[in-house]
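Colleague: I have a protein model open on my screen, and I would like to learn how to read it. Could you walk me through some features?

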Amino acid sequence: MGKVSSFLYTLWAAVLFLLVFLLFFPAIYVCIQVPPWHRFAHRIIRFWSSIFFWGLAMPIQRTFRGKLDKQKPYVFVANHFAYLDIAVGMNIIDNYFAYVGKVSVAKAPLFGYMFKKLHIPVDRENRMSRSRTFKKCMETLRNGRSVFIMPEGGILSREIPKMLCPFKDGAFVMAIENQVPIVPISLLNMYKINNPDTRLKWGKPRVIFNEPISTVGLTKEDVPRLKEKVYDIIQGDIDAFNNLPKSHYKA
């Protein structure tokens, strides 16, 4: 896809995203006001995401290596190389979940209001914010709702498609303390579809849901080993898909 066509495709994606959001926002807003209706808001957002990818003629291919229970809470963790990763995440996870994302998202008009009410913003530069976010995630898991987090802490890798190492501890600590399984999600080719300069080109997003990793019986002392295991699973998928030399965890 050339520069002109890529620009037009990106422009169409932005217009489509905004139009569909404005179409559904009134219904989302109503659901947000009544906590028991938050699940309905979540479903509307997922439907919005489906329309978005349908409008881009960009079907998402999901591969499941293990069976997931839609009614069970998990800590979903994924690599993060592109801005479009978030929209993909909203589309692919069948469970009711809260996404942990940058506090800057919460400042966007309308969208930010929705994000603050339904998901969990975090300012990673602020210790108090990180503490509040962790407590909110713990409460979310205790209430039977899954958490979706990208443990690199943002699009920070300078060697894409190699993930930033080491992962942040938060996702693994909260999973262990709640004895909730971790599900490694491998976003295999989003960085090829959504360039670092935010331009898009057409492609078929490929996603792998790996087998849930039990945390039953684990303690905080197991966090480093668990981070290493999850890192090697996700990076191994990415390396295999892109025919790259296999890389291992290096803290």
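Predicted model: local features only at pLDDT ≥ 70, side-chain atom pairs only at ≥ 80, totals over all residues.

Colleague: Which residue of β7 does F64 stand opposite?

Modeller: F64 faces F209 across that pairing. While you look at the strands, here is a general idea: side chains in a regular strand alternate between the two faces of the sheet.

Colleague: In which sense do β6 and β7 pair, parallel or antiparallel?

Modeller: Antiparallel: β6 (residues 182-187) pairs with β7 over 3 bridges. To find the place on your screen, look for L187, whose bridge partner in β7 is V207.

Colleague: Now a loop, please. Where is N189?

Modeller: N189 sits in the loop between β6 and α7 (190-193).

Colleague: Why does N189 count as buried?

Modeller: Buried means a relative accessible area under 20%. N189 counts as buried because its relative accessibility is 9%. Setting aside neighbours within four places in sequence, N189 is in contact with K204, P205, R206 and F241.

Colleague: Let's turn to a helix. Where does α1 bend?

Modeller: Helix α1 (residues 3-32) bends by about 45 degrees at F25, and the proline P26 follows within four residues. The buried residues of α1 include Y9, L16, F21, F24 and F25. Among the elements covering the buried residues of α1 are α2 (38-55) and α4 (111-118).

Colleague: And how do I find empty space in a model?

Modeller: Rolling a probe the size of a water molecule over the atoms shows where empty space is left. Here, the largest pocket holds about 1000 Å³ of space. It is lined by 39 residues, and those closest to its centre are F17, Y83, I86, A87 and F111.

Colleague: Which element gives the largest share of the lining of the largest pocket?

Modeller: That is α1, with 7 residues. By kind, the lining of the largest pocket divides into 28 nonpolar, 9 polar and 2 charged residues.

Colleague: What is the volume of the second largest pocket?

Modeller: Its volume is about 450 Å³. Of the 22 residues lining the second largest pocket, K117, L118, K136, T140 and R145 are the closest to its centre. The largest share of this lining, 6 residues, comes from α5.

Colleague: How many residues of that lining are charged?

Modeller: The lining of the second largest pocket has 8 charged residues, along with 8 nonpolar and 6 polar ones.

Notes
Residues numbered from 1 in each chain as written. Heavy atoms only, no water. Bend = angle between axes of the 7 residues up to and from the residue. Helix = DSSP H or I, 4+ residues; strand = E, 2+ residues; numbered from the N terminus. Buried < 20%, exposed > 50% of the residue type's maximum accessible area, 1.4 Å probe, protein only. Contact = heavy atoms within 4.5 Å. Pairing = 2+ DSSP bridges. 1 Å grid on protein atoms, 1.4 Å probe; cavity = no way out; pocket = protein on both sides within 12 Å on 5 of 7 lines; lining within 4 Å. Points joined across faces, edges and corners; volume = space filled by probe spheres on them. Nonpolar A, V, L, I, M, F, W, Y, C, P; charged D, E, K, R; others polar.
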